[in-house]
Amino acid sequence: MSRARGLVIAVASMLPLAGWAADASAPVQATWKTQEIRYSYTGFTTAYDCDAAEDRIRAILRALGAHQQTRVSAQGCTLNRPSRNFFVTITAATPVPVADAATAATPTSRDELLKRLGVQAKQLDETFPAEWKTVRLDKDRKLDLQPGDCELMEGLRDHVLPKLSVKVVADDVQCIPRQLSIQTPELTVSALVPTKTPDAAADKPKS
């Protein structure tokens, strides 16, 4: 993928962010947006078994602020063996600015999405403080992304991130079919994530 196309994607991903302000560090009052995202993974270089792909995608979404009940389903792996082609269905609840919530429509019934998530409506109707957080996915140790994850990152960048409250800051995901790079592709985004409360910090185990 050329640099020019990377720029186009970065600009396009900003369009749904009506709540994006010049002062990205300012707190934002947010609520949860439920939606279903479907796309297909095609890997010329890396094959995954469906369980591994689900875990990887779910971890990335959680790092970008998705609700802990967000579900990822990958289908198309025969006998759950590594496959280069499978379908991904993401049932997600992600933070959006309250000002944008009214326009956060989804073609799938919200009641149906709530059932799939296993979350009651009142839990997702709440408002909460959130903040724009810069996340460099390739440097997040918890994600432990590898050079072979290039095509997985490419699919998320092209088909998933534009539908979330995520702004691409730096994009160096350039996958070459059947060639494995020695470095993990760089993808840095600014994502709206719930602000950690003092109570949550107090509950965190001491080292």
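Is Cys175 buried or exposed, and with what relative accessible area? In this predicted model, Cys175 is buried, because its relative accessible area is 15%, under the 20% that sets the limit for a buried residue. The partner of Cys175 is Cys150, and the sulfur atoms of this disulfide are 2.0 Å apart. Cys150 lies in helix H6, whereas Cys175 lies in the loop between E5 and E6; the pair links distant parts of the chain, 25 residues apart. The torsion about the S-S bond is about -100°, so the link between Cys150 and Cys175 is left-handed. Cys150 also counts as buried, because its relative accessibility is 8%.

The whole structure contains 2 disulfides. A disulfide is a covalent bond between the sulfur atoms of two cysteines. Besides the bond between Cys150 and Cys175, there is one between Cys50 and Cys77, with an S to S distance of 2.1 Å. Cys50 is part of helix H2 and Cys77 is part of the loop between E2 and E3, so this bond ties together parts that are 27 residues apart in sequence. The value about the S-S bond is 90°, and the link of Cys50 and Cys77 is right-handed. Both of these cysteines are buried. With the bonded cysteines numbered in sequence order, the pairing reads 1-2, 3-4.

Cys50 is also one of the residues in contact with Ala74; the others, leaving aside neighbours within four places in sequence, are Glu54, Phe86, Phe87 and Val88. Ala74 belongs to strand E2 and counts as buried because its relative accessibility is 9%. The C-alpha atom of Ala74 is separated by 9.3 Å from that of Ala52, a residue 22 places away along the chain.

The largest nonpolar core holds 37 residues, of which Ile57, Leu64, Phe86 and Ile90 touch the most other members. Two or more residues each come from strand E1 (28–42), helix H2 (50–63), strand E2 (71–75), strand E3 (85–97), helix H6 (150–159), strand E5 (166–172) and strand E6 (186–194). H2 gives the most, with 5 residues. Beyond four places in sequence, Ile57 touches Tyr39, Val72, Val88, Ile90, Leu152 and Leu156. A second, separate core has 12 residues, among them Trp32, Leu117, Phe128 and Ala130. In soluble globular proteins, nonpolar side chains tend to be buried together.

Aromatic pairs were then considered, and the whole structure has 3 of them. One is formed by Trp32 and Phe128; this pair is tilted, at 4.9 Å centre to centre and 40° between the planes. Trp32 lies in strand E1 and Phe128 in strand E4 (residues 128–136), so placed that the pair links parts of the chain 96 residues apart. Both Trp32 and Phe128 are buried. In another pair, the ring centres of Tyr41 and Phe86 are 4.8 Å apart and the planes are at 20°, so the rings are stacked. Tyr41 in strand E1 and Phe86 in strand E3 are 45 residues apart, and this pair too links distant parts of the chain. Tyr41 and Phe86 are both buried. Ring pairs link Tyr41, Tyr48 and Phe86 into a cluster.

The average pLDDT of the protein is 83, and 79% of the residues score at least 70. Over residues 1–23, pLDDT stays under 50, and the model has 35 contacts beyond four places in sequence for this segment. Where pLDDT is low, the predicted coordinates should not be read in detail.

How values were computed: Residues are numbered from 1 along each chain as its sequence is written. This is a predicted model: local features need pLDDT of at least 70, side-chain atom pairs count only at pLDDT 80 or more; totals for chains, interfaces and linings use all residues. Side-chain values use heavy atoms; hydrogens and water are left out. A nonpolar core is a set of buried Ala, Val, Leu, Ile, Met, Phe, Trp, Tyr and Cys residues joined through side-chain atoms within 4.5 Å. Buried means under 20% relative accessible area, exposed over 50%, partly exposed in between (1.4 Å probe, protein chains only). Helices (H or I, at least four residues) and strands (E, at least two) are DSSP runs, numbered from the N terminus. Contact means heavy atoms within 4.5 Å. pLDDT is the predictor's confidence in each residue, from 0 to 100. Rings of Phe, Tyr and Trp (its six-membered ring) pair if their centres lie within 6.5 Å; planes under 30 degrees apart count as stacked, over 60 as edge-to-face and the rest as tilted. A disulfide is a pair of cysteine sulfur atoms within 2.5 Å.
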